Amino acid sequence: MIDFTKRQSEIMTILKKHEPITAEQIAEMLGVSKGTLRSDLAVLVMTGHIEAKPKVGYFLSKTKSETNNQNVWKHTLVKDVQGLAVTVQRTTTVNDAVISLFLDDVGSLIVVDENQYLQGIVSRKDLLKVTLGNPQATSMPVQLVMTRQPKVYTITADQSVYDAAKMMVYYEVDSLPVVKPEDDNKNKVIGRITKTNIVKALIDMGSEA
């Protein structure tokens, strides 16, 4: 059973009272933008708790539909929807990491060694904290500010997209490195799965229905 975030619980409560309802209407009731709700709505649709129909809006799923939707996503593997990993070396400077964030339009970078083994994660928040009021920080290597293993949450290519979504919700992260476990407890980075990947997969599946 997936644990809802506070906002996802609020969305479910709104649907119980006002279904069917559009994303714009939900966003207005919660006082946020439609874009902010996109990943939450995607997770709720993917796990079968809600459904969506064009020109109608979102509404609660029936128990049978919920089970069927969960089965679909439990059989859809991470490798089917993952994207390329955006990586930097441990010795990459904070300045160059910031440039990579903006050029690749991502919220975090995967830090690897010369053999593409996972070393850590550095987020936009990490880089902002270290550079505020400290201009000398731009020349620091990212290994000094990154989140290191074992505090980095990962997933393998053969796990399900449903598992990935549950992890993102539980750990409150927007993406997960996709890794291939090797000897000596090392994880080789082979990709990345994000909430955006999942949303695109949902759209593609809906267009094929």
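Is Glu 114 buried or exposed? Glu 114 is exposed, at 57% relative accessibility. Buried means under 20% relative accessible area, exposed over 50%, and partly exposed in between (1.4 Å probe, protein chains only).

1. Basis. This is a predicted model, in which local features need pLDDT of at least 70 and side-chain atom pairs count only at pLDDT 80 or more, while totals for chains, interfaces and linings use all residues. Residues are numbered from 1 along each chain as its sequence is written, and side-chain values use heavy atoms, with hydrogens and water left out.

2. Overall. The protein has nine helices and nine strands. Both are DSSP runs, numbered from the N terminus: helices are H or I with at least four residues, strands E with at least two. Of its 209 residues, 42% count as buried. The accessible surface is about 12000 Å², and carbon and sulfur atoms account for 49% of that surface. Areas come from the Shrake-Rupley method with a 1.4 Å probe; for residues, only the protein chains shown count as cover.

3. Contacts. Take contacts (heavy atoms within 4.5 Å) between residues at least 6 apart in sequence. Of these, 58% join residues at least 24 apart.

4. Salt bridges. Side chains of opposite charge can pair when their charged atoms come close. The structure holds five salt bridges. The term means a side-chain nitrogen of Lys or Arg within 4 Å of a carboxyl oxygen of Asp or Glu. Three of them follow.

5. Arg 90 and Glu 114. These side chains form a salt bridge, N to O 3.5 Å. Arg 90 sits in the loop between strand E3 (87-89) and helix H6 (94-104), and Glu 114 in the loop between strand E4 (108-112) and strand E5 (118-123), so the bridge ties together parts 24 residues apart in sequence. Arg 90 is partly exposed, at 28% relative accessibility.

6. Lys 79 and Asp 158. Their side chains meet in a salt bridge, with 3.2 Å from N to O. The pair links distant parts of the chain, 79 residues apart: Lys 79 is in helix H5 (residues 78-81), and Asp 158 is in the loop between strand E7 (155-156) and helix H8 (161-171). Lys 79 is partly exposed at 46%, whereas Asp 158 is exposed at 54%.

7. Asp 174 and Lys 195. In this salt bridge the closest N and O atoms are 3.5 Å apart. Asp 174 lies in the loop between H8 and strand E8 (175-182), and Lys 195 in helix H9 (residues 195-208), so parts 21 residues apart in sequence are tied together. Asp 174 is exposed, with a relative accessible area of 56%.
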